[in-house]
Amino acid sequence: MSKLPPALQNLSLPVIASPMFIVSNPKLVIEQCKAGVVGSMPALNARPAAQLDEWLHEITEALAAHNRAHPERPAAPFAINQIVHKSNDRLEHDMDVVVRHKVPVVITSLGARTDVNDAIHSYGGVVLHDIINNFFARKAVEKGADGLIAVAAGAGGHAGVKSPFALIQEIRQWFDGPVALSGSIATGGAVLAAQAMGADFAYIGSAFIATHEARADEAYKRAIVECSSDDIVYSNLFTGVHGNYLKPSILAAGLDPDNLPESDPSKMSFGGGEGARKAWKHIWGAGQGIGAVTEVAHAGELIARLKREYVEARGRLGLPNLAMA
């Protein structure tokens, strides 16, 4: 296991909840952190931009109140996702807000920039950069990322095509820092499997869509519960970057999920504008692990299930039992 920065130590379960465009919100983040896993959301979910300051204040105050009431069971830290792609015209504004609030963990995506990492390090924050292959992993660390999020095949939304076995083993040949693994993880057993492969954390997104706290359409939540890996379509049509999406939402948009055209990658945009929001509102991202999601539950209940399954998986392997807070 890696030597982890203080912000990522002592979680009650080795899980980082992934930031989901539109879906993640302060209510979900707060419940994730209170249950002992790193909660996160994209900065671009706050609209207008001024709302980001309000949301970070809300999260910080709620977690501080929880810690005062439960000193024996403090909340996990929270994370904010920053899209570093050139199309994000809010990055400078949002980074100023993040630095002012001293956000403990920042997840950077679609580009690695030394100046962004330096700004986060200026107050002691931790930078995790998401990558889909070993080449981009090296670039991220060279530019100052503290840790990596390995987005393997089967992850929801933008995802790579590498097997998690291949991706983790290549990264671990040269990198001994924090690594989270993403891709079809929706059970406690899968969390343990991610650790067995060499990751420090499981990175879980799609399962949290089917929670009461998530800001997702009720039909979207039902689709997560009712669908399986057979209902996941991998395409670059909607944003210019390949990702995994729910087949029913593609059909509802009047498209043939088995015959989607290719998009022009040079026209991709991730600035959080109305075009991007419209695409993600109607075309639903999801990973291949959704077959394990059988009900819409509160975030705390989902995390409690993951903890039980994690302990059970350890027991099946004869590993020491853990007391889960």
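Analyst: K102 is exposed, since its relative accessible area is 55% and the cut-off for that class is over 50%. The model is a predicted one, and that applies to every value below. K102 sits in the loop that runs between helix 3 and strand 4 (105–109). Most residues other than glycine have a negative phi, and most peptide bonds are trans.

Helix 3 (residues 91–101) and helix 4 (residues 114–121) have axes that come within 9 Å and cross at roughly 20°. Helix 3 is therefore roughly parallel to helix 4, as angles under 35 degrees count as such. The crossing is right-handed. On the helix 3 side the contact is made by L91, M95 and V99, and on the helix 4 side by V116, A119 and I120. By class, the contact of helix 3 with helix 4 consists of six nonpolar residues, with no polar and no charged ones.

Helix 1 and helix 2 can be described in the same terms. Helix 1 (residues 26–34) packs against helix 2 (residues 51–69) at an angle of about 25°, and the axes are 10 Å apart. This angle makes helix 1 roughly parallel to helix 2, and their crossing is right-handed. Helix 1 contributes P26, V29, I30, C33 and K34 to the contact, while helix 2 contributes W55, E58, I59, A62, L63 and H66. The contact of helix 1 with helix 2 divides into eight nonpolar, one polar and two charged residues. The loop between strand 2 (39–42) and helix 2 holds P48. The peptide bond joining R47 and P48 is cis, with omega about 5°.

A positive phi is also found at S184, about 65°, and S184 is not a glycine. S184 lies in the loop between strand 8 and helix 7 (188–197). With a relative accessibility of 32%, S184 counts as partly exposed.

The loop between helix 6 (164–172) and strand 8 (179–182) contains D176. D176 is exposed, at 66% relative accessibility. Leaving aside residues up to four places away in sequence, D176 touches S2 and K3. The C-alpha atoms of D176 and S2 are 5.7 Å apart, although 174 residues separate the two along the chain.

That leaves the aromatic residues. The structure holds four aromatic pairs. One of them is W174 with F175, whose ring centres are 5.5 Å apart and whose planes stand at 50°, so the pair is tilted. W174 is partly exposed at 25% relative accessibility, whereas F175 is buried, with a relative accessible area of 8%. F238 and Y245 form an edge-to-face aromatic pair, with 5.0 Å from centre to centre and 70° between the planes. F238 is buried with a relative accessible area of 18%, because the cut-off for buried is under 20%. Y245 is buried too, at 1% relative accessibility.

Terms used. Residues numbered from 1 in each chain as written. Predicted model: local features only at pLDDT ≥ 70, side-chain atom pairs only at ≥ 80, totals over all residues. Heavy atoms only, no water. Axes fitted to C-alpha atoms, helices over the stretch in contact; angles between N-to-C directions. Helix = DSSP H or I, 4+ residues; strand = E, 2+ residues; numbered from the N terminus. Parallel < 35°, antiparallel > 145°, perpendicular 65-115°, else oblique. Left-handed = near helix turned anticlockwise from the far one by under 90°. Contact = heavy atoms within 4.5 Å. Nonpolar A, V, L, I, M, F, W, Y, C, P; charged D, E, K, R; others polar. Phe/Tyr/Trp six-rings, centres within 6.5 Å; stacked < 30°, edge-to-face > 60°. Buried < 20%, exposed > 50% of the residue type's maximum accessible area, 1.4 Å probe, protein only.
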